[in-house]
Amino acid sequence: MFRRTKVTDGTATGQVGIKKKSAVPGVMITQFIEELPEGKSHPDFTRKPIALTIQEGKFAFFKAIVIGDPRPTVTWGRNNGDVSDTSRYQTKYDPNSNEHTFEMPNVMPDQADTYKCFAKNEYGQATVTVLLNVIAVGFKKNKAQAEAAEAPGGNFKSVLKRRSKVLPTSEQPERKEGEIDPKFWELLMSSDKKDYESICAEFGVTDFRWMLKNLNKMKKEREEEQAEFVSSLSNLRHIRVNSDNTASFELDMDLIEQSTSLFLYKDGVMVPYTKELGDSMKHSLKLVGKKYIFSVRDLMPDDAGLYQVDVGDVNVFSTDFKIPTVDFLVKIQEVKATEREDAVFECVLSNPFSKILWFGKNLPLEQGDKYDIQVSEDKLVHKLVVKDCLIVDKGIYSVCAGIKSCNAWLVVEADKDAQKGKKTARKTTRAGGSGMDLQKVAQEQQTKLAKEREERKEQIKAAPPPESPPAPLAPPASAAKDPHPRAESEPAAAAQPPVVKVVTAEPEITGKLSDVCVLRGNPAELTVEMSVDCSATWFKDGEPLNSGAEVTVTKDGTRHKLRIQSCKDDDSGVYRFVAGDQSTQGKVTVGDAPEFDPDDLHKFSKPVIVRVGQNAAFKMAFPPQGSLVVRWFRDGTELKDGGGVKTAREPNHGRLLLRDCLRTDSGEIKIQLKNPFGAVEATSRLIVLDRPGPPEGPVETVETTSSLIEIQWNPPKDEGGSAVTNYIVERQQAGQALWTKLGDVSADKTSFRDRNVTHGKKYGYRIYAENPEGLSDTLETADSIMAGIMILSGPPGAPTVVSATKTCINLSWTPPEDDRGVPIIGYQLEKRKKDTNLWIALNALNEPIEDVKYAVKEVTEGAEYEFRVSAVNESGAGDPGPPSAMVCAKNPNMRPCFKDPEDFIVVRAGNSARVKVCYEGEPPPQITWLKDDEPISAWINVINTEGMSQLVIPSSKRSDSAVYTIKAKNAMGEASFDIEVRVTDEPKAPGPVELEQTVSGRVVVSWAPSPDQELDDRLYYVVSQRDSTTRTWKNVADRLFANTHTVNNIRSGVQYHFRIFAKNDMGLSDPSQSPTWGVNSNKVPIPSKGLKSSGLSFERPPSILVPLKVHAPPKGYALYMTCAVRGCPTPSVSWHLNDVCINFDNNYYITNSFGVCSMYILRVRSQDSGVYKVVAVNAFGRAQCSTKLAVRD
């Protein structure tokens, strides 16, 4: 037996600590009390913080959601340090999402630690830990070596632990001639053998044998290193570009310790990545089971390089991301195709490309039956053919070449000429294409590329041989500290620092430059704050700057300013401030705010009108610009992809698609273009047409008279996007189901007068609003409206009790003497139980009793009731009449009697005999059964129920035949009834038959009596005759109680045969055959002369003529299994499933027709699978055959 663990950590005096398990892994819960009060709970996490690896200086945060009653208090802590500094640690709580946030703005490496989140209330505490890794910016080899030198004992391993084997380009030592790049071996160890040749060709390796020998040695060493952290590594997929402008690579890996850290490198430099923050970082990791998927978003040319994944300090995967310089000269265009027609997308590239990636609805497309991918010989023109377009093929199709992509819609329209319900033939036409001469564009591009190649060759030939560079001088100590050294292209005069006045304090930069974006024509100002007054120099793109008409350089004490009076495109660049060995730089970008073309803006401003269920599309053109963010809004709320919303961004336009629009989608649609220089917006409107909403209620009664009813309502709140044209008014008379249209009302009126009414009757009304899109839902009156004043009928007479039983009381009454001029349509009947004051209606007011009599069946036996009646007219129920006399629900006293009993019953011997007799009597009579006027035996059962008595003889015998008498007796009298019960069986055949002719033409047929003749006095005989001329049997005598019969009309020369049957109430016996009477009856027998004749016997054991066959039908299908059997005498056949007989199973229909044995299963089930066997048995032997049945899913 396991005992509950109790701890004392974190508990107060008098509390216990019970460990609890959370549904969220990694959460530790301690409960302070043994049993929680009802409705209360200890704290728990429904969302725990997620481990984070982030770059230094970024915004780091953890989020958690906790539950518990009462609401827990949430606190945060860390293992090595405190979190009390509010400038570095901030806690927040959002009551709408119930999220607790722990934020670290501008995170630093010293904040890398294990953090804890505590949730506590009076019933318990929940704790969870989370790891934060911080990557220091600019982690370089030199820096690592410097740290290693300062470390006590020179522990290089701890400092250089997380370093890639491939150094960054800037840190790689100059390779000697013949030395191979380490990148070569890293790629080989992560590649398939089929890629070895191409990698060797890229790095200039020709000795394959040497390469394989060294590679196998390196692989063995690498696998030994990986075994410390990884138990299995497989399915390495190199990096490739996706349709959503991301690139990803993946691998399947099983870590020995799940807490082992993973590091991502690009060209030897560690890069930060996130696991859960989605789009917040450029690099991300997604873990699906054992599959690790690394992704790079917002691809740019500088994303090319060698990507490596390390587990601990061991590399497990390397992949080279190459981005070719290619762009689209002609992009794919929107295609509109008809069903069963082919659609073509075409594009032209700026450089030859052997294979580009095609996507349909964000899924990669491959060459096959549905898609045909074509490439021209010059590899510039690429085509995608979507064959046999159907409605399901519509959507966005895209193409990727390198990191460039474009997309377009495929719109598939239904074939209007197609016959309904029939599939049309596939069309031979093609829709789409660019509408341009692609071959001409490709030829011009080829000519341009060839010309560029020739120009480059000429430049190489004309270039002078390079001079050997002079040996570099050792830089001064101050230059080593400069993180941004000057470009070598700077002139010598600019490279020399100006002569400054020596001061005692070394100048430092206290206010650095930052990147700024300035509108074209506006002024820009750059400011640097120094710690002391000193001289400095400004540079732009490496060139020194001096004050002039356009640029002003000023100095005010320690503040240095550079002002550009009116920014132009030439003013864009990197501006650098240098003061001694201190420098800072910032980038100035000059540009324009985005803008729209006036014609496009006017076109976009027109509202888009669609019907409910249709799609609404918006398109807005704009000039191509870099760093442009396109956002869509509806009524001020930003629209994101998903849930029927699809946005698409092209270099020169943006698209918005709203699918299956609803009325609530109507509103203002706005597109916003934003870049670093400003933002611009364009507004349109979406109008979704629909049926109007119902008119506003309630329906008010303006006037009601004996001949008029006037009603009034309010217009609908929502007219459905188009004005209401009219209202439709319908009426229903109270008590009827039919609604009748009264007429239309114009939209400017909201009232109606009904003049076709009858005084005293009630009416209900409903109103529809109508616009061009259809009818609205109805507005109905809450209650029926009466025409005129209510006139109720007078009271009827008191009900009279006609008869009463325990289940029913029959009543009648007289109509009211005064109906007050309004016809009576029926009556309402009420009852009241004795000793109560509650009157209960027996029928609803809208279901009046039309007659003046009623049978009340809602009574309880033995209870006393009184009744009263109200007359009902069109105005309602009038005053009730006087009540009836009290009446008891019980049967009247009566002498017992029997209802339609049977006086004769025949039962087969061995079966149970049941004699049922129904009776009536009040009070209930006493029942007695007799057998031949004697009491019945003890084994005979008598079952008495209300109104019926049943005599049961189990396993009846012939001796049970008798006259049974039932007697019923009560205080009112006595009754009896006799039933003859005959227990018998099918009779045995009569004895031998003899024929004798006493008179010519007559034959006396006599036979020995049946053994059952003495036991059954109702047994008689039947004589059948057949002659040689007809060959058919016919009865010549029936119901013979004697053992002889004389047959007349016997002709000479004709043979006769006779059969004798015994017959009783159960049926016929087997026949007794007579000898043949006729031609040879008087012949003298011929001596045999000692010869003995032997008869021919056809008896044989069973055999299988046609065996069973193997069957494998699908589940739910019918099965017919058959075989053929013979044998004499006819064998008995039984079917078996897995050695269990199924002859009497209702799930199988089994027949045997002249030796053809069949079994039929209407719908096969899984449990019908197995071995089926047919067994045939007779007196001479046994035969069997079997087969297997396998039911397929």
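1. Let's start with what A679 touches: beyond its neighbours within four places in sequence, A679 is in contact (heavy atoms within 4.5 Å) with P594, L673 and K674. The residue sits in strand β46, residues 678-689, where strands are DSSP runs of E with at least two residues and helices are runs of H or I with at least four, numbered from the N terminus. A679 has 47% relative accessibility, so it counts as partly exposed; buried means under 20% relative accessible area, exposed over 50%, and partly exposed in between (1.4 Å probe, protein chains only). V630 is 49 residues away from A679 in sequence, yet their C-alpha atoms are 9.8 Å apart.

2. A quick word on the basis: this is a predicted model, with local features needing pLDDT of at least 70 and side-chain atom pairs pLDDT 80 or more, while totals for chains, interfaces and linings use all residues. Residues are numbered from 1 along each chain as its sequence is written, and side-chain values use heavy atoms, leaving out hydrogens and water.

3. On to the cysteines. The disulfide count is 0, taking a disulfide as a pair of cysteine sulfur atoms within 2.5 Å. For C406, the nearest cysteine sulfur belongs to C347, 5.9 Å away. C406 is buried because its relative accessibility is 3%. The sulfur of C1157 lies 4.7 Å from that of C1123, its closest cysteine sulfur, which is too far for a bond. C1157 is buried too, at 1% relative accessible area.

4. Last, a helix pair: the axes of α3 (residues 182-189) and α5 (residues 208-226) come within 10 Å and cross at roughly 70°. That makes α3 and α5 roughly perpendicular (65 to 115 degrees). Residues making the contact include F184 and W185 of α3 and W210 and M211 of α5.

Methods. Axes fitted to C-alpha atoms, helices over the stretch in contact; angles between N-to-C directions. Parallel < 35°, antiparallel > 145°, perpendicular 65-115°, else oblique.
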